[in-house]
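This briefing concerns the structure shown below.

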Amino acid sequence: MEERRTVHRGRTYLGGQVAFNNRRSVLDCLVRNLSQFGAKIVFGHTALVPTEFDLLIPQKGDSRRAQIVWREDKQAGVAFLQSEGVPVLSVEAARRIKVLEKKRDQLARRVSELSEPTC
C-alpha cells in the first residue's frame, strides 16, 4: 500500500469506540495509530461500519467525527473531518466548555459579591 499521509501518526494501543446512528450504535475498536488528522482502527471481528461516524477515545477524553478512507477485513483507516482547516469540536468538548463557562460565570458572580463594600 502506498503511503499518502502527510503527517506522521504515532503508534498507540488505545481502546476506542465507533459510534453511529446518533450514538445509539457502538462498536468497540482498538486505535493502533493516531495523528491530528486521522487514525488506524482495528476491530475484534469483521465489522460493518458506516462511512462516517464518531470515534470515541475515552482514555484521551476525545471524540471526533471521522470518515473511512480505506478498509480491510478487521481494520480501517479514518480521516478526521474538519471544517476549513479547523477540527470539528467534539460533543464531549462542547459539553466540557459549557460546564466550564457556567462555573466561570458563577465564580464571576461570587467575586462581584465579595468585592461589594459592606456598610
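Strand β4 (residues 52-57) is largely enclosed by the rest of the structure, because five of its six residues are buried; buried denotes under 20% relative accessible area, exposed over 50%, and partly exposed the range in between, with a 1.4 Å probe and protein chains only. The model is a predicted one, in which local features need pLDDT of at least 70 and side-chain atom pairs count only at pLDDT 80 or more, while totals for chains, interfaces and linings use all residues. Residues are numbered from 1 along each chain as its sequence is written, and side-chain values use heavy atoms, with hydrogens and water left out.

**Pairing of β4**

- Strand β4 is joined to strand β1 (residues 10-20) by three bridges, and the two run antiparallel; strands pair if DSSP finds at least two bridges between them.
- Within this pairing, Q17 has L56 of β4 as its bridge partner.
- Six bridges link β4 to strand β5 (residues 62-72), again in antiparallel orientation, and L55 is partnered there with R64 of β5.
- β4 and β5 form a hairpin with four residues between them, and G61 in the turn has a positive phi of about 65°.
- Strands of a sheet pair through backbone hydrogen bonds, either parallel or antiparallel.

**The loop between β4 and β5**

- P58 lies in this loop and counts as exposed, at 56% relative accessibility.
- Leaving aside neighbours within four places in sequence, P58 is in contact with G15 and G16, where contact means heavy atoms within 4.5 Å.
- The C-alpha atoms of P58 and G15 are 7.4 Å apart, although the two residues are 43 residues apart in sequence.
- G61 also belongs to the loop between β4 and β5 and is partly exposed, with 30% relative accessibility.
- G61 and E92 are separated by 31 residues in sequence and by 7.7 Å from C-alpha to C-alpha.

**Barrel and overall fold**

- The protein has one helix and eight strands; these are DSSP runs numbered from the N terminus, with helices (H or I) of at least four residues and strands (E) of at least two.
- From the N terminus, the order of elements is β-β-β-β-β-β-β-β-α.
- Six strands make up a closed barrel in the order β1-β2-β3-β6-β5-β4, with antiparallel pairing.
- The twist from one strand to the next averages 45°, taken between N-to-C directions of axes fitted to C-alpha atoms, on a scale from 0 to 180 degrees.
- Strand β2 (residues 25-34) and strand β3 (residues 38-42) run antiparallel and are joined by four bridges; V31 stands opposite I41 in β3.

**Core and burial**

- Of the 119 residues of the protein, 27% count as buried.
- The largest nonpolar core contains 18 residues, and those with the most contacts inside it are V18, I41, F53, L55 and V78; such a core is a set of buried Ala, Val, Leu, Ile, Met, Phe, Trp, Tyr and Cys residues joined through side-chain atoms within 4.5 Å.
- At least two residues of this core come from each of β1, β2, β3, β4, β5 and β6 (75-80).

**A buried polar residue**

- S63 is found in strand β5 and is buried, with a relative accessible area of 2%.
- The side chain of S63 makes a polar contact with the side chain of R23 at 2.7 Å; the term requires a pair of N or O atoms within 3.5 Å, and within protein one must be able to donate a hydrogen and the other to accept it, while residues adjacent in sequence count only if both atoms are side-chain atoms.
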